[in-house]
Amino acid sequence: MKHRINRRQALAMLGASTATVALGASVPAMAQTSRLVLGTYGGDSQRNVEAALINPLLVPQGIEVVIEAATDGPREIKLQAEKNLPRGTYDVVHQQSTVLYRLFQQGLIEELDTSRIEGFDQIESVISTPYSVPQSMSARVILYNTEFVSEPPRSYADLWSPELEGKVGLIDQHFLMALAAGALANGGGMSDFEPGKEKLMELKAAGVRVYPSNEAFGQALATGEIWAGIMLQSRAIQWKSGGVPIELVYPSEGVVLDWWGFAIPKNARNKEGAYAFMNAAASDHYHSQWATTMGGTPVTPSALAATSEEVRARVAIPQEYAGNLLRLDSAYLQENYNQLRDWWVRDFMS
Amino acid sequence: MNRVTATGLMLPALLLTFMSLAVPLVVLFVISLRPGYPITVDAFGAASYAEALLDPYYLRILGRTVLMALAITAVALFFAMPIAHFLARTSSRFKSILLLAIILPLFVGNAVRAIGWMVLLGERGVVNTLALELGSASPFALMYTWKAVLLGAAAVNLPYLVLTLQSVLEQINPSVEEASGSLGATPTQTWLLVTLPLMAPGLLAACSLSFILAMNAYATPVLLGGPRFRMMGPAIAEEIIVQSDWSVGAALAFVLIVVTMALSVLLTRVVARSLVKS
């Protein structure tokens, strides 16, 4: 059977296609004032950002937040790939602090007009930057399983003690955390991780275990496969609250603050909405809620004061360590990231 | 239907294939020739290919990937052959249920299946708990080793092999095998001298499919091999996602494509020739 498309049919199909494309193109333009795309992490982080920030603070303003969940890497790649586009995918991105620094250096995220963000000047100075509103902050701590460890570690250097030989765990994605610990235990510092390489090779020789994720590390710690390791205070609090027999220790060499933040890409479609998001993200309400459910340390004194006494006791960094906070040197990490990662993958992990 | 209409009807599918396969490959190839992309873009050149092909680190990973792909195919074939033979020859009323049991894993993503293996193979997993109960002095290190990847990836490829081999075996008339038996051949002789040569083209297709899947595996090596046991798929992702070096990542991707294609063709020819000789 022969069936040829006649002129009228062809014109009708062309018309329908054009109308469909035009309709599709007009949707983002119509929704520009109320719809916002947030690139963030998935899992419980996403659920808590929705519960503590989006639903109570943005939805009542008529802002619809569409979430694209992924890890840091894919979001960073998308921002780089869309660099030359006038309008990108994201209106707000949620990234780890060193990634944010890199994105700012590459000209991919905006320098914020901080006068438009209420409470910005109250943010803990160690983590305050002109390009981001911190989403969460947590101290790096040493964790140990109380059922196996008789002599609790007090410093990073104690992770190399004979009692913990072959029982220390590290996490692949937190390789910089491991290098920093090694450096601090071996005369280095936050701007010089080189001494950490030698210490980590000692740990490798002693039979260190490296896990692919926080969850795998947590499970190993809970079962006694490993007895100690380095982790974020917020995770440690969650695990401990979940009944895992662990204790956390602030290392005597100094307390490193890790943080994550929200930033606005230069080619965001909805910058007004993004600033409304930034205001919500800097609010006491959001940070006190995050501290309560996720164990993060609030980023402003007023947000810490807004938490209950019981939560404050869990998440606040003790006064005796507050004077020994160590700042991440983003410029050093930016310059050395690839060589440090190469060393980790090729020499330490091989 | 005349040829013009047929071509016209095929055009949308061809265009879709071109846009979704050829265009990204061309873009990837251009990126592979721009060292440093996207952070610091240098002039066009083959420096990324030099790194991908000459760096002993990547060569080790490539060699490991080829060996693993061969081993995964061999293990999957070892289990697939009797299952496929049984399914092809059985007239049991449970045949459709058995077939469903083979197909069912394809409904579950590789990552989810890998998590099942993690529960089985972990230091406190089912296997080690049983081993300790049975008197083993210490748990076996299975997770985050090549052994876990081999098992997990072979299980992923098993349904593809079983289904391919079963359809090939069903096309071989059982009376041919019966004739061989009636002429005095043992079951082993019948299988080696009659069935195997008849199913050779399908067998080669199944092995090629498994080899290609194993060469390009990502989720299974990441989840079961962990950070220490690296194959090419995770290594490419590491370059692009973690190191932000798209150019080397793209060059590695092309090296993997070319090596996979070349080895698939080579293995198919070598095996086909040896079967013809036998």
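For the residue classes used here, Ala, Val, Leu, Ile, Met, Phe, Trp, Tyr, Cys and Pro count as nonpolar, Asp, Glu, Lys and Arg as charged, and the others, Gly among them, as polar. The views below come from a predicted model.

**View 1. The second largest pocket, with a lining drawn from chains A and B.** This pocket has a volume of about 600 Å³. Look towards its centre and, of the 24 lining residues, the closest are A:Y211, A:E225, B:E123, B:M143 and B:Y144. Three elements each put at least two residues into the lining: from chain A, β6 (209-211) and α7 (214-223), and from chain B, α5 (110-121). Sorted by class, the lining holds 14 nonpolar residues, plus five polar and five charged ones.

**View 2. Helices α2 and α9 of chain A, packed at about 120 degrees.** Here α2(A) covers residues 43-58 and α9(A) covers residues 271-281, and the two axes sit 10 Å apart. The crossing of α2(A) past α9(A) is right-handed. On the α2(A) side, the contact is made by A:L53, A:I54, A:L57 and A:L58. Facing them from α9(A) are A:A276, A:F277, A:A280 and A:A281. By class, that's eight nonpolar residues, with no polar and no charged ones.

**View 3. Helices α6 and α14 of chain A, packed at about 20 degrees.** Now we're at α6(A), residues 194-205, and α14(A), residues 330-348, with axes 12 Å apart. Angles under 35 degrees count as roughly parallel, so α6(A) and α14(A) get that label. This pair also has a right-handed crossing. From α6(A), the contact takes in A:E194, A:K197, A:L200, A:M201 and A:K204. α14(A) answers with A:Y332, A:Q339, A:L340, A:W343, A:W344, A:D347 and A:F348. The class count for this contact is seven nonpolar, one polar and four charged residues.

**View 4. Chain B, a chain of twelve helices and zero strands.** Follow the sequence and the pattern is simply α-α-α-α-α-α-α-α-α-α-α-α. Along the principal axes, the C-alpha atoms of chain B fill a box of roughly 75 × 70 × 35 Å.

How values were computed
Residues are numbered from 1 along each chain as its sequence is written. Chains are lettered from A and ligands numbered from 1 in the order in which they are written. This is a predicted model: local features need pLDDT of at least 70, side-chain atom pairs count only at pLDDT 80 or more; totals for chains, interfaces and linings use all residues. Side-chain values use heavy atoms; hydrogens and water are left out. Axes are lines fitted to C-alpha atoms, for helices over the stretch in contact, and angles run from 0 to 180 degrees between N-to-C directions. Helices (H or I, at least four residues) and strands (E, at least two) are DSSP runs, numbered from the N terminus. A crossing is left-handed if the near helix is turned anticlockwise from the far one by less than a right angle, and right-handed if clockwise. Contact means heavy atoms within 4.5 Å. On a 1 Å grid over the protein atoms alone, a cavity is a set of points where a 1.4 Å probe fits but cannot get out, and a pocket is an open set with protein on both sides within 12 Å along at least five of seven lines; lining residues have an atom within 4 Å of a point. Grid points are joined across faces, edges and corners, and a volume is the space filled by probe spheres set on the points. Angles under 35 degrees count as roughly parallel, over 145 as roughly antiparallel, 65 to 115 as roughly perpendicular and the rest as oblique.
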